[in-house]
Amino acid sequence: MSVLKITSLEKVLKTIQDGQPCAIPTETVYGLAASIDNPLAIRQVFALKERPVDHPLIIHASSIAMAERYGHFTELAIAIGQRFWPGPLTFILPKKDTVPAEVTGGLNTVGIRIPDHSLTRTLIKNHGTPLAAPSANKFGKTSPTTADHVLKDHAYTIPVLDGGPCSVGVESTILDLSVSPPAIRRLGAIGEEELREFIPTFGESQTPTSGTHKAHYAPSTSLLLSANIEDDSRRLSKQGLKIATIRLMNSDQYAQILYAKLRELDSLGVDVLIAEQPHNDTLGRAVLDRLSRASVGAPNLGDL
Ligand code: TXA
Ligand code: MG
């Protein structure tokens with residue numbers, strides 16, 4: 001089996017322009033990218049990811065001027081974009097006709113962000129149009145935060161632009177600016193506190209979002225979210241169970257290592273992963289959100 005690992009921007013650009021999906025680095029997680037104006041390649045992304053076709057993709061632009069060709073930006077959207085882009089924040093905006101239906105799963109809105117990774121921004125800038133990209137994991141599984149994760153998830157069949165380990169480590173915050181008042185639809189590194197100067201009051205949003213399913217990001221080992229890791233470890237070990245733990249750390253670090261750690265511990269063949277409850281700050285809440293969904297999707301702990 002040949003290991004396809006493309007490190008040169010030129011080769012990745014050519015591959016994308018030839019209509020073949022490639023994995024790209026971002027500051028949050030790796031994405032599986034196709035050109036926004038190649039519906040066939042976009043369909044291939046859905047197939048590779050085993051994702052239902054009505055789940056919309058985020059488009060990744062290299063500048064606000066490029067993003068404005070695809071979404072209707074209000075003055076508020078421009079101001080927030082100028083403050084937080086490039087960065088881990090996705091806007092949901094009313095879409096323009098330039099966005100093909102394949103990207104949005106038939107919705108009249110589009111998700112847009114400018115990723116904070118210079119390799120990927122250069123790739124998009126040189127390509128000239130945005131790249132549509134979901135996280136590069138298989139549907140419902142843990143997102144990849146290194147090139148190696150992507151290669152393993154896809155049995156070494158997908159070309160990967162290796163941009164190193166992701167610096168944030170959890171997916172972008174999704175801010176729905178198509179509703180009034182705006183609503184946060186997925187927690188990430190930018191939260192209500194950071195956005196408060198632009199949005200004094202947040203609303204609730206209705207439309208379903210794939211990362212907001214109750215069970216998601218699931219490892220295949222049982223996962224226990226613990227507020228008291230010493231007691232839980234002792235209790236489960238006493239029952240003869242093999243355990244592995246993720247200890248509390250500052251939220252930047254916790255987010256950064258979360259998915260790599262879940263994958264690593266998952267491969268150890270233990271009975272239970274115990275993750276210590278993160279701090280109650282913006283990124284800590286994003287980590288808690290992912291851990292809660294992962295523990296729902298993981299095999300049941302029964303009556304332990
Ligand atoms: O950090 C991220 O956002 C990563 C990197 C690669 O940019 N991408 C990512 O994509 O997490 P994905 O497809 O795994 O998650 C995108 C989420 C999904 O839950 C999708 O339903 C939602 O964004 N989304 C995209 N477009 C939308 C739209 N028009 N309306 C509502 N939700 C949308
Ligand atoms: Mg995802």
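Here is a short chat about reading a ligand site and a sheet in a predicted model.

Student: Let's start with the ligand. How many residues surround ligand 1, and which are the closest?

Tutor: Remember that we're looking at a predicted model. Ligand 1 has 24 residues around it, and the closest are T28, R51, H60, S135 and S172. Sorted by class, that shell holds nine nonpolar, ten polar and five charged residues.

Student: Which strands supply at least two residues of the shell?

Tutor: β3 (58–60), β5 (109–113) and β8 (183–186) each do. The largest share comes from β5, with four residues.

Student: And how do I read polar contacts here?

Tutor: Look for pairs of N or O atoms within 3.5 Å. In this model, an N or O atom in the side chain of S172 is 2.5 Å from an oxygen atom of ligand 1. For the side chain of T28, the distance to a ligand oxygen is 2.6 Å, and a polar side-chain atom of R186 sits 2.8 Å from an oxygen of ligand 1. The protein covers 98% of the 680 Å² of accessible area that ligand 1 has on its own.

Student: Now the sheet. What is the order of the strands in the open sheet of three?

Tutor: The general idea is that strands of a sheet pair through backbone hydrogen bonds, either parallel or antiparallel. Here the order is β9-β11-β10, with parallel pairing. β9 (222–226) and β10 (243–246) are the edge strands, each pairing on one side only. From one strand to the next, the twist averages 25 degrees.

Student: How many bridges join β9 and β11?

Tutor: Five, in the parallel sense. As an example, L225 has A275 in β11 as its bridge partner.

Methods. Residues are numbered from 1 along each chain as its sequence is written. Chains are lettered from A and ligands numbered from 1 in the order in which they are written. This is a predicted model: local features need pLDDT of at least 70, side-chain atom pairs count only at pLDDT 80 or more; totals for chains, interfaces and linings use all residues. Side-chain values use heavy atoms; hydrogens and water are left out. A residue is near a molecule or strand if one of its heavy atoms lies within 4 Å of it. A polar contact is a pair of N or O atoms within 3.5 Å; within protein, one must be able to donate a hydrogen and the other to accept it, and residues adjacent in sequence count only if both atoms are side-chain atoms. Accessible areas come from the Shrake-Rupley method with a 1.4 Å probe; for residues, only the protein chains shown count as cover. Ala, Val, Leu, Ile, Met, Phe, Trp, Tyr, Cys and Pro count as nonpolar, Asp, Glu, Lys and Arg as charged, and the others, Gly among them, as polar. Two strands pair if DSSP finds at least two bridges between them. Axes are lines fitted to C-alpha atoms, for helices over the stretch in contact, and angles run from 0 to 180 degrees between N-to-C directions.
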